Each structure stands twice: as C-alpha cells, then as structure tokens.
Amino acid sequence: MRHNILLYSIVLFIVGTLCSCSNNKFQADIELKGLGNQRVRIVYCGADGNIVDTWQLAEKDHLLIKGSCASPSMMYIYNSMSVSIMRLVVSGGDKIKVTGKLINSYDLKVEGSDILVKWNNFIVQHKAAYQVKNPQMLNPEIEKFVKSNPRSVVSTLLVLFDYSPSDDTKIDKLLEMIDDVAKPNSLLESYNAMKSRIIKPSTEIGTLNLFELISQDFESTSFKGGKPSVLFFWDKLMENNERKTVIEELKMLDQEKVKIVDINIDADSTSWNSTVSGDSTSWKHYWVPGSMMNSEVIRLQIVSTPTIIVTDSLGKQLYRGNDGTKARQIIESL
C-alpha cells in the first residue's frame, strides 16, 4: 500500500512538472511584409524570471518564435540593425499569429491572445496618435480606457508602455486606479527588467550619409547650420495619394529658407527613380540601401511611413509625425 501511495505521488509530481513546463510555453507566428531575410533580436522575460535575449533568422518575411516565458511578459523584437520593429505581450499557452507590414507597426492584425488582441485594437483605433507620437492626443484616451477598464491587463500595458505624461507621478496615480488582479507581478518585473533596453528615437540630426539620385553616389548632407530642415521618409508601400499629399504640402515651402529632402527607405531601389521623377520637385532625393544602413538613420527609429521630421537650424527636432500640413505650418511659423 505504501509503495502504491509513493508511486502515485511520484506520478503526480512528474505530471505536475510537465504541465507546469507546458503551461509556460508559447509560440508567435509573425508574417510581416518587408521583413525579408535577416537576423532579428528577440528579448523577453523567461519562465525563470531572467531576461531571454536571443537572435533568430527571419526568412521570406516570416518569423516563428517558440519559447517559455513568465506569464504575461513583454517581448521586444528588433531588426538586424537594432531598430525596434514590434512589441508583443506573451503568456504561457499562447499561440499568437501576427500579420501586417514591417513599416507600419500600428496597423497590425493579431490573433491567439485576448490581452494582445485588445491592446492591438486600442493601438489600431488610435494609430494616428501613435504615429505622430503625440502625448496630448494619446494620454486622454489612455486615461479614459483605464477608468473604464480597471480590471483589464491592457490598462496596465497602456500605462506602462504608452502613457507619457509631463509629470511621472501621474503614472503612479493611474496605476493605483487599476485593480491588483490586472497588474501581474511578471508583467511589472518584465517592464522593469527591459526598461533600460528600450531604445528611444534620437531627437537631433547632424549629418547623414545617403545615396543621392542624380549623382548615383553616396553624399554627406548636413542638417545643422543656416536654415531649418524637413526630412520626408517614404516607401513604395504608401498609398500614392498619401505620398502626393505630403509632396504638395512641401512644395509650398520656400526652399531658399528651408532645406527639404525626401528619403526612400525601401529595401531595393527598383521603382525609386520612376516614382520621384513624377513629383516635379527641385529638392534632393535620397535612398538608404538596405532600408536602414546609416547609423544616424537607425537612431531615428523610423517605424512607419510617412514619417516627416522638422528640425531647426541646429538639427534639433521640432516635429515628428505623418501630417504634411502640420509640418509645413511649423516651418512657416519659424
């Protein structure tokens, strides 16, 4: 009898251990147009509470990530040049599917995780505010969501990762409104562990070494000294009407008083020449081979198109967003 009880206890222990390990496992199947073939860096909090920081090969726009994680945990995915291309929240048992475009992380389709789906729905609904990185637009929406959803983990995600008040004490006050059940320790710990690893976009532009259309060669161009600048980053995935709208707004500016450049960030230059030839513009056109090879461009963290950056004569950023009209108005107000 004792032997049977002992054997039964051992079996229960083994089954419990196996179930525990299984419950920690997750899978993220990611299909992003423009991802291509490259090594990507993946960072998340493992099942043991330690940070997993690993590299994996993406092939033909596809990336399949399998692992064991703390539940839930934040996951950051960076491209081969350490530009953040995606952030997810993962939990043990998740089988996540993500589809979309590499250059537009605010308009993805996700499946397989209730928390991730709800967070992504909020981001897509407010993608205009995310794209222009405007706290004045986004913060009130986050505050409204938290007040209406105090028992949702999504409220915690929004406060920790998307809320940017001028006074950090507002973060604590908003977190206090969220029920403890919606603030799992693993999520808070993964936030603290990875906070220092998050790379923020540079807000100052000095000199960029870019491939110029007319000379068909690399050219060093400076954005410091003399006059303010407008940099328009675009790719072929943009709608034609959207691109033309930005071009027409920039044409209204006096090029004697402002430096204007447009920078194509496609992985190849197949349609670059034919596209810009129809613009009837006199400013310089540049291309970044390999999408983001230049070290300073990497620091700018261009994650969506259109991205328009306005700088003063010292290269300091005055505006970053997707609104050509607003960019023009800021220049005209200087």
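Student: How many helices and strands are there in the protein?
Tutor: In this predicted model, local features need pLDDT of at least 70, side-chain atom pairs count only at pLDDT 80 or more, and totals for chains, interfaces and linings use all residues. Residues are numbered from 1 along each chain as its sequence is written, and side-chain values use heavy atoms, with hydrogens and water left out. Helices (H or I, at least four residues) and strands (E, at least two) are DSSP runs numbered from the N terminus. The protein has 11 helices and 15 strands.

Student: Are helices α5 and α7 roughly parallel or roughly antiparallel to each other?
Tutor: Helix α5 (residues 153-161) packs against helix α7 (residues 185-194) with axes 11 Å apart and an angle of about 15°. Axes are lines fitted to C-alpha atoms over the stretch in contact, with angles from 0 to 180 degrees between N-to-C directions. Angles under 35 degrees count as roughly parallel, over 145 as roughly antiparallel, 65 to 115 as roughly perpendicular and the rest as oblique. The two helices, α5 and α7, are therefore roughly parallel.

Student: Which residues of α7 make the contact with α5?
Tutor: On the α5 side, the contact involves Val 153, Thr 156, Leu 157, Leu 160 and Phe 161. Their partners on α7 are Leu 187, Leu 188 and Tyr 191.

Terms used: Contact means heavy atoms within 4.5 Å.
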